[in-house]
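Thank you all for making the time this morning.

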Amino acid sequence: MYFTRFEMINAILSAQDNGDKEYYDLMRIYQKNTQDSETFIKSFLVTDLELADYIKSSYFAT
Amino acid sequence: MKKKILKCSISYSHEDLPIRKRFNTHLNVISRTHPLDVWCDMKITLGEDINESIKNNFNKSDIIFLLVSPDFVDSANCFETEINMAIERHNKNECLIVPIIISEVVNLNALPFGSLERAPKNGRPVKSYRPYDRGFAEVAQQVIEMIDKFYKNGINNTPINTNKDSDKNVNKKVNKKVNNKTNNKTKKTNNIELTNNEQNCSSSVVKYRVVQEGELKEIAIPQGVISKLPDYHLSTVKFIQKMEDILNNCTNDYIESINRFSRRKAVADRQRLVKFRTFLFEIANSIADCYIGTFNTRVHFRRLIDNQYKGLVVSGGSNTATKASDLTIMPCNSGMIYISGRLGYPLIRSYNESHHMSGQNDNIWVEHLTCTFKDGSNAQGAPFLSMGISLNETTVRTYKNTLRIMAYTRLDIIVGQYINRFLNKCNQEDKNFILSDIMVKSFK
């Protein structure tokens with residue numbers, strides 16, 4: 001499942017604030033994509049369904 | 001007028017063969033305008049006496065290039081035989097010696113050619129350039145200037161003193177400094193720690209302005225230390241490129257989401273704060289990623305709320321996960337954030353220990369840079385935002401000078417400009433996006 005950059009960071013901040021274990025996995029995906037890429041990454045692929053659910057649930061209703 | 005073809009020899013260690021080949025290419029480029037006849041030991045033919053051939057060619061050379069590296073100094077042939085031959089001719093004004101620093105060598109000044117002008121000019125080893133062709137390009141420029149001078153004025157060398165006693169004295173001094181350094185190893189100091197080599201480089205120091213105990217002072221960072229720093233210029237270029245993309249993405253995202261904000265002001269303000277936090281998180285990670293590396297660095301932002309500075313955003317990826325709410329709460333009328341806001345200048349902890357307020361993570365983060373942003377402060381002049389870049393024990397030795405350069409080159413101004421641009425763009429679309437309003441909201 002693809003998530004926007006904002007959705008991803010929002011989930012990371014949420015996991016960081018709450019001390020959730022998903023924080024490390026999310027950070028790993030964020031860093032791998034942003035550090036390795038020469039171009040600006042606008043969306044992140046998350047294959048782990050549980051993690052994807054976490055991102056969706058932490059996304060505040062805007 | 002036809003230029004004289006200058007004979008050149010290259011003295012190098014065979015461990016550095018690939019880099020010698022690349023240097024040859026650069027000499028061939030020079031040769032297009034300044035004719036050179038380059039010789040190196042690879043031209044020795046089968047059956048030829050190696051030592052005799054080296055001696056003959058060195059004796060005919062107008063310029064002798066020394067490709068200086070630890071392997072070169074370690075090589076008995078290069079160090080004892082070829083350098084001695086070169087120095088002998090140098091002292092008779094028969095040739096020019098050009099030491100080219102390929103990779104870092106300790107005690108360079110104490111070596112027989114230590115007093116000679118080196119290339120690259122800034123003392124930075126060629127191998128530390130990315131790509132190292134950039135280093136050779138600088139060397140080539142220096143060589144061209146030297147050849148032009150040679151055509152104009154001929155050779156006018158200052159003799160090198162090869163007196164063994166004087167070498168011993170130099171070594172004694174170096175050893176004394178090394179011993180002093182070892183004795184002071186555990187002593188906490190506000191000064192930059194120097195290696196014995198760096199202490200010897202006092203002739204080539206770069207002055208940096210830093211705030212020391214509330215006053216702007218000049219500190220010296222020796223060239224030897226500078227050459228070991230990561231390429232700050234490239235890091236800044238990389239950071240700015242990243243920030244332009246992030247700024248566009250974050251502002252577009254913000255503008256798109258405005259019409260989806262809650263009608264309830266309190267909720268909408270909280271949503272604005274979340275958007276602002278994601279932007280700051282991007283800045284924090286980019287700084288860590290571009291300048292130092294994310295693992296042993298923590299870049300954080302604190303905000304002014306209830307007359308205190310409380311954690312707002314912490315970069316991710318650090319080996320010690322920290323929540324923003326775990327950041328030590330700092331007062332708004334004393335401490336480094338206060339002084340930085342008052343002076344409008346970034347502060348380094350080790351220069352400003354008396355202003356440092358101890359925090360709960362002091363055992364982890366031993367050195368940091370604290371800065372504030374000139375735009376946005378309350379009625380008493382206390383800035384709304386502060387930024388800190390912390391280094392732990394593992395990174396402090398390598399990167400503390402990077403912090404000093406960040407302070408000197410005012411990274412805070414660069415970051416402040418991006419924050420401002422983000423705020424202004426958002427404010428153009430959403431009149432309720434006002435820093436002072438959104439900062440007071442809770443994000444939990």
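**Where the two chains meet**

Across the interface of chain B and chain A, two salt bridges are found, a salt bridge being a side-chain nitrogen of Lys or Arg within 4 Å of a carboxyl oxygen of Asp or Glu. Before I go further, please keep in mind that this is a predicted model, in which local features need pLDDT of at least 70 and side-chain atom pairs count only at pLDDT 80 or more, while totals for chains, interfaces and linings use all residues. Residues are numbered from 1 along each chain as its sequence is written, chains are lettered from A and ligands numbered from 1 in the order in which they are written, and side-chain values use heavy atoms, with hydrogens and water left out.

One of the salt bridges in this model pairs Arg5(A) with Glu282(B), whose closest N and O atoms are 2.5 Å apart. Another brings together the side chains of Asp17(A) and Arg277(B), at 2.9 Å from N to O. Because Asp17(A) sits in helix H1 of chain A, residues 5-18, and Arg277(B) in helix H10 of chain B, this pair joins two chains; helices here are DSSP runs of H or I with at least four residues, strands are runs of E with at least two, and both are numbered from the N terminus. Are the two partners buried or exposed? Asp17(A) is buried, with a relative accessible area of 7%, and Arg277(B) is buried as well, at 3%, where buried means under 20% relative accessible area, exposed over 50%, and partly exposed in between, with a 1.4 Å probe and protein chains only.

Turning to the interface as a whole, 28 residues of chain B are in contact with 23 residues of chain A, contact meaning heavy atoms within 4.5 Å. The area buried between the two chains is about 2,200 Å², of which carbon and sulfur atoms give 57%; this is the accessible area, again with a 1.4 Å probe, that two parts lose on being put together, summed over both.

Four residue pairs between chain B and chain A, both members at pLDDT 80 or more, are in polar contact, that is, they have a pair of N or O atoms within 3.5 Å, where within protein one must be able to donate a hydrogen and the other to accept it, and residues adjacent in sequence count only if both atoms are side-chain atoms. On the side of chain B that touches chain A, helix H9 (232-258) and helix H10 (265-292) each supply at least two residues, and the largest share, ten residues, comes from H10(B). That side of chain B divides into seven nonpolar, ten polar and eleven charged residues, with Ala, Val, Leu, Ile, Met, Phe, Trp, Tyr, Cys and Pro counted as nonpolar, Asp, Glu, Lys and Arg as charged, and the others, Gly among them, as polar.

Asn249(B) is found in helix H9 of chain B and counts as buried at 16% relative accessibility. Leaving aside its neighbours within four places in sequence, Asn249(B) is in contact with Arg5(A), Phe40(A) and Lys42(A).

**Salt bridges within the chains**

Over all chains, the whole structure holds 21 salt bridges. Within chain A, Arg28(A) pairs with Asp25(A), the closest N and O atoms being 3.1 Å apart; the two are three residues apart in helix H2, residues 22-36, and are therefore separated by about one helical turn. Arg28(A) is exposed at 52% relative accessibility, whereas Asp25(A) is partly exposed at 32%.

In chain B, Lys265(B), Asp269(B), Arg272(B) and Asp430(B) are linked in a network of salt bridges.

Which residues touch the most other members of the largest nonpolar core? Among its 83 residues, they are Phe276(B), Ile287(B), Phe301(B) and Ile419(B), a nonpolar core being a set of buried Ala, Val, Leu, Ile, Met, Phe, Trp, Tyr and Cys residues joined through side-chain atoms within 4.5 Å. The largest share of this core, 13 residues, comes from H10(B). Not counting residues up to four places away in sequence, Ile287(B) touches several residues, including Phe239(B), Val299(B), Met387(B) and Val415(B). A second, separate core of 28 residues includes Ile19(B), Leu27(B), Leu67(B) and Val126(B).
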